[in-house]
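Please open the structure in your viewer and keep the selection tool at hand.

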Amino acid sequence: MTDQRRAGLLAVTVTALLWGTTGTAATFAPDVGPLAIGAAALGIGGLLQAAVGARSLRTNVPLLARRRGLVLVGAVAVAVYPLAFYSSMHTAGVAVGSVVSLASAPLASGVLERVVDRRPLSRWWVLAAVLGVLGSALLCLSSVAGATGPAADGSGPADGPGAGGSMVLGVVLGLVAGVTYAVYSWASRRLMVDGVPRAAAMGAVFGGGGLLLVPVLAVTGAPLLATPQDTAVGAYMALVPMFLGYLLFGYGLSRIPASTATTVTLTEPAVAAVLAVQVVGERLTALGWVALGVIGVALVVLALAPTNTTDGTRPEGRDRADLHR
């Protein structure tokens, strides 16, 4: 494995660890709705991404203008993702919402790279994706089977009247979140491969998404200012898992394919499950611990897989230097 690939995997793994804290953090602001949480987290985080990359954005306006369609697709996906993701967790419960969202993302990323980029999928990626999805599904099943209390996002019980419809809606929202996550990851990576420096690519896509989320935050965000604790939760979500997390995610995307990055982030529901046990007080069944082990094996497969032309390579020539600027 090359040092660049190792650094990319490490950066995305740390990102997943940070993202895994969001469900637990949301429990400390039970009166804040999912749309407000999502708009604050990725809206503010996205605008901060643009601020950090402002110099690179100004320098690369001509490049971005030529690829404005790709930037727009990525920005819209960034705006839709948090609204669907947090609504999915609110509707179907943290376990089901997060697992459906994240388990569907690597598959969507693989399809995008295969169909749009004509990139053959490595057998190592296929194995890791299958293991990751299997582990996430087992974790979801263990969480549902062992659920005895309210949903971890503070939204209330996931069962009761209308639970079946709520579960279906939550799964659909989770699939929307997974697809949009894959789309903005692919769009960001595609911009970098096309010669747009990392800071400009991430700033354009996430800054654009942040701007689209500002009206949503203006309409729904009042509860975030209701108490100092609610404000602190919103600030944490925006600054740590979103702003810092996506800085690391962009660094990782400059070194590994989007399909690999989204597969690595399958560790997020595992982290969320452990935190739910340790912090929120939920219980993890034996099946849940097996699921965590399967997800761990998926990461090991990705980490030890030999670098080849279908997984883990970086663009050649001018693009290689641009990815680091």
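The stops below cover a helix pair, the nonpolar cores and the salt bridges.

This is a predicted model, in which local features need pLDDT of at least 70 and side-chain atom pairs count only at pLDDT 80 or more, while totals for chains, interfaces and linings use all residues. Residues are numbered from 1 along each chain as its sequence is written, and side-chain values use heavy atoms, with hydrogens and water left out.

**The helix pair**

Select residues 34-52, helix α3, together with residues 68-92, helix α6. Helices here are DSSP runs (H or I, at least four residues), numbered from the N terminus. The two axes come within 8 Å and cross at roughly 140°; axes are lines fitted to C-alpha atoms over the stretch in contact, and angles run from 0 to 180 degrees between N-to-C directions. The crossing of α3 and α6 is right-handed, that is, the near helix is turned clockwise from the far one by less than a right angle.

Next, display the side chains where the helices meet. Residues of α3 including Pro-34, Ile-37 and Leu-42 meet residues of α6, among them Val-78, Tyr-81 and His-90. Contact means heavy atoms within 4.5 Å. The residues of this contact comprise 11 nonpolar, 3 polar and no charged, with Gly counted as polar.

**The nonpolar cores**

Select Tyr-184 and Tyr-246, the residues with the most contacts inside the largest nonpolar core, which has 62 residues. Such a core is a set of buried Ala, Val, Leu, Ile, Met, Phe, Trp, Tyr and Cys residues joined through side-chain atoms within 4.5 Å; buried means under 20% relative accessible area, exposed over 50%, and partly exposed in between (1.4 Å probe, protein chains only). Helix α6 gives the most to this core, with 11 residues. A second, separate core of 12 residues includes Leu-138 and Val-294.

Returning to Tyr-246, its contacts beyond four places in sequence include Trp-19, Leu-42, Tyr-81 and Tyr-184.

**The salt bridges**

The count comes to 3 salt bridges, each a side-chain nitrogen of Lys or Arg within 4 Å of a carboxyl oxygen of Asp or Glu. Select Arg-6 and Asp-3, whose closest N and O atoms are 2.8 Å apart. Both lie in helix α1; Arg-6 is partly exposed at 43% relative accessibility, whereas Asp-3 is exposed at 59%.

Finally, select Asp-194. Its side chain meets Arg-67 in a salt bridge (3.7 Å, N to O).

Methods: Helices (H or I, at least four residues) and strands (E, at least two) are DSSP runs, numbered from the N terminus.
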